[in-house]
Amino acid sequence: MTPDPAADRRFMAAAIALSERGRGLSTPNPNVGCLIVRDGRVAGRGWTQKGGRPHAEAQALEQAMEQARGATAYVTLEPCFHLSPRGPRCADLIARSGIARVVIALRDPDPRTDGQGAAWLREHGIAVEMGVMEAQARAAMAGFLRRQTLGRPAVTLKLGLSLDGRIALADGSSRWITGPDARAHAHLERARHDAILVGGGTLRADAPRLDVRLAGLEDRSPRRILLSRGDAPEGWERIGRPEDIAALERVDHLLVEGGAGAAAAFLRAGLVDRLLLYRAPILIGEGMAALGEIGLADLADAHGRWVLTDERRLGVDRLEIYAAARGV
């Protein structure tokens, strides 16, 4: 079997796209995607299901059945090697399936696997290639990787802004700064996160529902977290400071939606990994600023911290997505 680098990238890109379907659902397991390809055709596909089982590889192999023999498996994360009462380890499933070659995007940082899955496959005569589209797979599994390496979830900060950087009128009126297309995209982002956080001021001023209001995705509304020194209302969880997100169980992807105080607190703590800036083509003038004090002592310190990774039009609005430079 002669490797085709272009085909490998094409099929791995499809596996990474599949992995995104499990984001916000698979925690505490990583949102993995897998394709089984034989003679240039997809014989099976899978992504980690809700709650972490079945794994992507198990799902794809079940679809492929006998077509797996002699095929190539494209997996976004090294197949698991640790034993679990919830199901077989994927390295064993692949070794028994007759798969001839496994292309892996990313080595698993979990010490229970960390290279052992790939080694096991090689010991069973399976060709293994590691590192295909690694950066893209890292971005897709950012929450799992942050939890494994830093002990906390990946944090996305979302801001809906006017052109002059305001999030509301001076009296607090903010419905609606952005248009329906931008708001729909923001709801899609909610569906891709385990939990969503606002500060006490936002809770008191807006009484936000923080649910997903997109047809077919209503059941993917994330858990609601309140950043406050006071008590959380029924149906909410409370943390007292941004660093407390490390103790949130089964939360690998956290979306911070507001307001200016909560956003600034997370930026001051250095806990924001990704920025979603929705800019509406309006000017507000004197109004509420998007951010409070974020701890900059010198203007030079503001430069080089963020890298633009995507931008697009959403109806009349514009979305810009930035990644923290330390995580690129």
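Student: Leaving aside neighbours within four places in sequence, which residues is Arg190 in contact with?
Tutor: This is a predicted model. Arg190 lies in helix H7. Leaving aside neighbours within four places in sequence, its contacts are Ile196, Leu210, Asp211, Val212, Arg213, Arg220, Pro222, Leu255 and Glu257.

Student: Is Arg190 buried or exposed?
Tutor: Buried means under 20% relative accessible area. The relative accessible area of Arg190 is 9%, so Arg190 is buried.

Student: Where is Leu210 found?
Tutor: Leu210 is one of the residues in contact with Arg190. Leu210 is buried, at a relative accessible area of 2%. Its contacts beyond four places in sequence include Val198, Trp236 and Glu257. Its place is the loop between helix H8 (200–206) and S9.

Student: At which residues does UniProt place the feature "binding site"?
Tutor: The UniProt entry is unreviewed. In the model, the lining of the largest pocket takes in Ser174, Arg190, Asp206, Leu210, Arg213 and Glu257 from the annotated set. UniProt places the feature at Ser174, Arg190, Asp206, Leu210, Arg213 and Glu257.

Student: Which strands are the edge strands of the open sheet?
Tutor: Eight strands form this sheet, in the order S10-S9-S8-S11-S6-S12-S15-S14, with mixed pairing. The twist from one strand to the next averages 25 degrees. An edge strand here pairs on one side only. The edge strands are S10 (237–239) and S14 (306–314).

Student: How many bridges join S14 to strand S15?
Tutor: S14 and S15 (residues 317–324) run antiparallel. Leu314 stands opposite Asp317 in S15. The number of bridges joining S14 to S15 is eight.

Student: What angle does the direction of helix H7 make with that of S12?
Tutor: Helix H7 (residues 180–191) packs on the sheet.

Student: Which residues touch the most other members of the largest nonpolar core?
Tutor: This core has 41 residues. Its largest share, six residues, comes from helix H1 (residues 5–19). A second, separate core of 27 residues includes Leu227 and Val272. In the largest core, the residues touching the most other members are Met12, Ile36, Ile99 and Val102.

Technical notes
Residues numbered from 1 in each chain as written. Predicted model: local features only at pLDDT ≥ 70, side-chain atom pairs only at ≥ 80, totals over all residues. Heavy atoms only, no water. Core = buried A, V, L, I, M, F, W, Y, C linked by side-chain atoms within 4.5 Å. Buried < 20%, exposed > 50% of the residue type's maximum accessible area, 1.4 Å probe, protein only. Helix = DSSP H or I, 4+ residues; strand = E, 2+ residues; numbered from the N terminus. Pairing = 2+ DSSP bridges. Axes fitted to C-alpha atoms, helices over the stretch in contact; angles between N-to-C directions. Contact = heavy atoms within 4.5 Å. UniProt positions renumbered as here; feature names shortened; annotations may be inferred. 1 Å grid on protein atoms, 1.4 Å probe; cavity = no way out; pocket = protein on both sides within 12 Å on 5 of 7 lines; lining within 4 Å.
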